[in-house]
Amino acid sequence: MEQADQQAVIDELIDGKGYVVLPQVFTAAEIAEARALIMRYSDSDAPKATHFQGANPDRLHLQRRVWNLLNKGEIFVAMVQHEPVVSIMRRFLGSEFILGSIAANRLLPGGPGQELHIDYPYWDMYKPESFPARINPSFPLNAQATILLDDFTAENGATAIVPGSQKLGRYPSEADRAAAKLDRMTGKAGDVAIFFGLAWHGAMPNGSDGDRSAILIQYLPKFVKPMEDQVRGLDPQVLDRASPLLRQLIGLDYPYPQLLDEAEAGNAEGRVA
């Protein structure tokens, strides 16, 4: 993707609708490999944590999450480092951006929709007193990349998003939800939907007779605490094979926090005179 096209994506994420869908970023073979693994893990694993399903406690079993995917197949290690997504994230979040989470969401037939929400680290902005004064959307603290493992359609619950809502910088109220005019992030398996996590969005109910599954990747600026503990949760064998980019993504090369009492003496930060 050309730099001008990447900048157009950034402008759309911040100043436009808040989302873009990139067609056919992944091949059919890559999608088939990832999907087979997600089906296997979500069939065999115990129920996992999920989010924004408070209105549907009786149907939680119809939405299955698979977490910590870096340990579950080399395909997922490759997916978090894939172009042109990586180049877009460098421009959107800074060159030393990190990985906050890589997980899968499998929505089975009859699976419920989510409430409209915003994503980590904004996701509990319904408690405004817990956030800094004048927090605003002028620069991003999150980007989401959703890799479609199945076609996303209106019938099977393609993610809904309120275009332009990322510019509001607040959690949607009940009145907002009632009045919201929704776009649907529809697409084909292999497409990638990228959106600013401050945009109001949510999975919709799956009214089809098939699964609707996706890989959910969360990227963050280097100074935001990741949602998943990438370092503690990573298989040592994955770490041993990690590329420089993967080391950056899991936060191994960012020196903070550290015990500065134990740090080497001298001027550790700042420009060299």
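Leaving out neighbours within four places in sequence, Ile-194 has contacts (heavy atoms within 4.5 Å) with Leu-13, Gly-18, Tyr-19, Val-20, Leu-22, Val-85, Ile-88, Met-89, Gln-144 and Ala-145. The model is predicted: local features need pLDDT of at least 70, side-chain atom pairs count only at pLDDT 80 or more, and totals for chains, interfaces and linings use all residues. Residues are numbered from 1 along each chain as its sequence is written, and side-chain values use heavy atoms, without hydrogens and water.

A nonpolar core is a set of buried Ala, Val, Leu, Ile, Met, Phe, Trp, Tyr and Cys residues joined through side-chain atoms within 4.5 Å. Buried means under 20% relative accessible area, exposed over 50%, and partly exposed in between, with a 1.4 Å probe and protein chains only. Ile-194 is among the residues with the most contacts inside the largest nonpolar core, together with Phe-76, Ile-215 and Tyr-219. A second, separate core includes Met-185, Ala-193, Phe-195 and Ala-199.

| Nonpolar core | Size |
|---|---|
| Largest core | 62 residues |
| Second, separate core | six residues |

Gln-81 counts as partly exposed because its relative accessibility is 22%. Gln-81 and Leu-249 lie 168 residues apart in sequence, yet their C-alpha atoms are 8.7 Å apart in space. The side chain of Gln-81 also reaches the backbone oxygen of Val-77 at 3.0 Å.

How values were computed
A polar contact is a pair of N or O atoms within 3.5 Å; within protein, one must be able to donate a hydrogen and the other to accept it, and residues adjacent in sequence count only if both atoms are side-chain atoms.
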